[in-house]
Amino acid sequence: MSNNDNNLLHGKAVVSGVGQSQVGRGIGRSGIDLTAEACLRAIADAGLTPDDIDGLATYPGGNFVGGFSGASSVEIHDVLGLKTKWHLGTGETGGQLGPIMDACIAVASGRVEHVLCFRSVWEYSAQQGLSRASTYANVTRADRFREWTSPYGAPSASTWIALYAQRYMHEFGLTREQLAQIALTCRANAVLNPNAVYRAPMSMDDYLNARMISEPLCLFDCDVPCDGAVAVIISRKEATAGLPRHGVTVEAIGASLLQRHTWDQRIDLTTMAAHDCTQEMWKQTSLKPADVDIMELYDGFSYLTLQWIEAFGFCEHGEAGRFVEGGERIALTGQLPLNTQGGQLSGGRLHGLGFLHEACVQMWREGGDRQVAKDVEVAAVGAGGGPVAGCMLVSLRA
Amino acid sequence: MSEQLYVPPELRVLPDPSMESKAFWTGGAEGQLLIYRCRACTQFFHPPAPVCFRCRSTNVGPEAVSGRATVATYSINRHPWYPSFPPPYIVAIVEIDEQPDVRLTTNIVGCSMEAIHVGMQVEVLFEHCDDVWIPLFKPSDPYAAIESASTSNETSPA
């Protein structure tokens with residue numbers, strides 16, 4: 001742990017267990033069923049019982065169309081019969097990892113000891129195999145932030161992110177072949193992951209010949225809606241004595257939003273809120289980008305992963321395309337493996353928390369065929385896109 | 001050469017204007033693109049809001065701008081999100097001439113898919129649907145609308 005004056009958590013927050021439900025398309029189970037499965041697995045993985053859980057946190061909470069939330073915090077509180085001192089379900093925070101960061105603060109402050117954190121999606125079933133935007137197709141009037149995009153035939157984040165990607169290509173010469181390395185790397189890792197949704201090998205030709213969705217993004221640049229849930233237990237370090245796991249320490253967290261929460265007014269269209277929150281995160285730790293062993297970075301759309309790579313400081317601004325070119329550096333056997341479970345592009349759109357889950361799996365060396373051979377002591381985890389972003393640095397250091 | 005023909009979609013999802021955005025969506029009735037401006041710091045901003053996010057003055061309101069803008073970025077949309085709005089069509093972010101950090105997400109119409117490029121000069125037009133006038137943009141130079149981007153003058157990054 002860091003002696004840095006800006007340190008927020010002082011090593012007091014650890015991941016003590018993780019769990020994932022069955023994940024897939026058309027598996028015929030309810031969101032609450034899958035979420036309960038992931039939660040009970042995580043609790044058992046930590047060596048705890050549901051009665052040990054005194055905090056509960058999830059993104060984004062309930063009441064969303066299109067299966068964006070498979071279960072709310074209070075639904076899971078009820079079905080698992082929990083007794084908590086603190087619970088939270090919100091989407092208005094530093095991305096999908098926001099509630100997990102709040103759970104870290106809650107345990108570090110001594111408010112609670114073991115927080116059950118989950119992210120649940122039921123998008124495949126709710127959308128009947130179509131897209132999230134399809135759930136808005138019957139809307140005839142758009143308000144709030146959709147007022148500015150839906151009238152222009154742009155109801156999907158694929159368009160909003162394509163606009164950023166096009167500008168980055170214009171300014172820095174990013175090519176489709178470079179961008180392809182995100183999808184190809186994820187697929188190569190998913191081939192080795194029995195829980196991934198898409199496991200057939202993918203070639204550069206497959207990628208370049210895929211149907212365009214929102215130019216310059218093609219089908220394989222967009223993640224795949226699925227049903228499933230991920231849970232992690234965030235514990236107060238002092239409360240983990242005697243538990244089976246060597247807890248993964250949360251070194252630093254970042255949720256800064258230094259510009260307006262919009263998709264089109266950011267001053268520099270070649271950066272995102274990811275750049276804001278990583279700045280805050282690095283100030284809390286003595287660790288440097290060169291200390292990071294693996295990258296578990298959000299790929300709801302492939303271009304977002306390039307943004308996270310440069311936001312974390314693994315390369316200079318504008319260099320992300322050249323950094324991933326050829327794919328060797330970010331492969332499982334490379335210097336800085338990326339999205340070792342297959343990401344969301346091939347592993348399934350578990351929406352953010354899957355990256356923290358996989359970082360812990362790799363640190364505990366339980367990745368099976370996809371386990372990174374080298375020691376994994378520090379992992380970078382980032383989730384979100386556009387004005388939505390949150391990041392964490394986790395390690396095996398005591 | 002003639003201007004690219006623009007055929008409006010059968011149906012757009014229309015905005016449900018707020019008290020602040022009503023001017024933006026109805027200014028087209030008078031042929032005006034109305035953008036919120038702060039009378040204290042004189043800066044424009046978008047989307048419209050009751051407070052200037054820069055200086056926090058509440059002395060703000062809609063003001064007509066020239067309607068001339070530059071394409072900051074674009075995406076050729078190929079996926080049929082709406083049955084009544086068939087692809088391909090161009091979604092773009094444009095920067096208004098008066099103040100380039102004020103951007104509008106919009107459609108570029110009357111422009112071929114080959115001709116659209118970052119840096120293209122465009123001007124507003126309005127599509128009247130029910131009680132709103134949707135601001136759209138078209139190339140200022142009708143020749144640029146059909147000339148492929150690779151043969152036009154290279155534009156430098158802003």
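Which residue of chain B forms a salt bridge with A:E215, and how far apart are the closest N and O atoms? The partner is B:R78, with the closest N and O atoms 2.8 Å apart; a salt bridge here is a side-chain nitrogen of Lys or Arg within 4 Å of a carboxyl oxygen of Asp or Glu.

The legends below describe a predicted model, in which local features need pLDDT of at least 70 and side-chain atom pairs count only at pLDDT 80 or more, while totals for chains, interfaces and linings use all residues. Residues are numbered from 1 along each chain as its sequence is written, chains are lettered from A and ligands numbered from 1 in the order in which they are written, and side-chain values use heavy atoms, with hydrogens and water left out.

**View 1. The interface of chain A and chain B.** Contact, meaning heavy atoms within 4.5 Å, involves 37 residues of chain A and 46 residues of chain B. About 3,800 Å² is buried between the two chains, 54% of it from carbon and sulfur atoms; this is the accessible area (1.4 Å probe) that two parts lose on being put together, summed over both. Of the area that chain A buries against chain B, 22% is supplied by A:R141, A:W148 and A:Y152, more than by any other three residues.

**View 2. Polar pairs across the interface.** Between chain A and chain B there are three salt bridges, and 26 residue pairs, both at pLDDT 80 or more, are in polar contact. A polar contact is a pair of N or O atoms within 3.5 Å, where, within protein, one must be able to donate a hydrogen and the other to accept it, and residues adjacent in sequence count only if both atoms are side-chain atoms. On the side of chain A that touches chain B, α5(A) gives the most, with eight residues.

**View 3. A strand pair between the chains.** β5 (141-142) of chain A pairs in the parallel sense with strand β1 (residues 14-15) of chain B over two bridges, and A:R141 has B:L14 as its bridge partner. Strands are DSSP runs (E, at least two residues), as helices are (H or I, at least four), numbered from the N terminus, and two strands pair if DSSP finds at least two bridges between them.

**View 4. The open sheet of chain B.** Three strands, in the order β3-β2-β4, form this antiparallel sheet, with β3 (44-45) and β4 (60-65) as edge strands, each pairing on one side only. B:R37 has B:F44 in β3(B) as its bridge partner.
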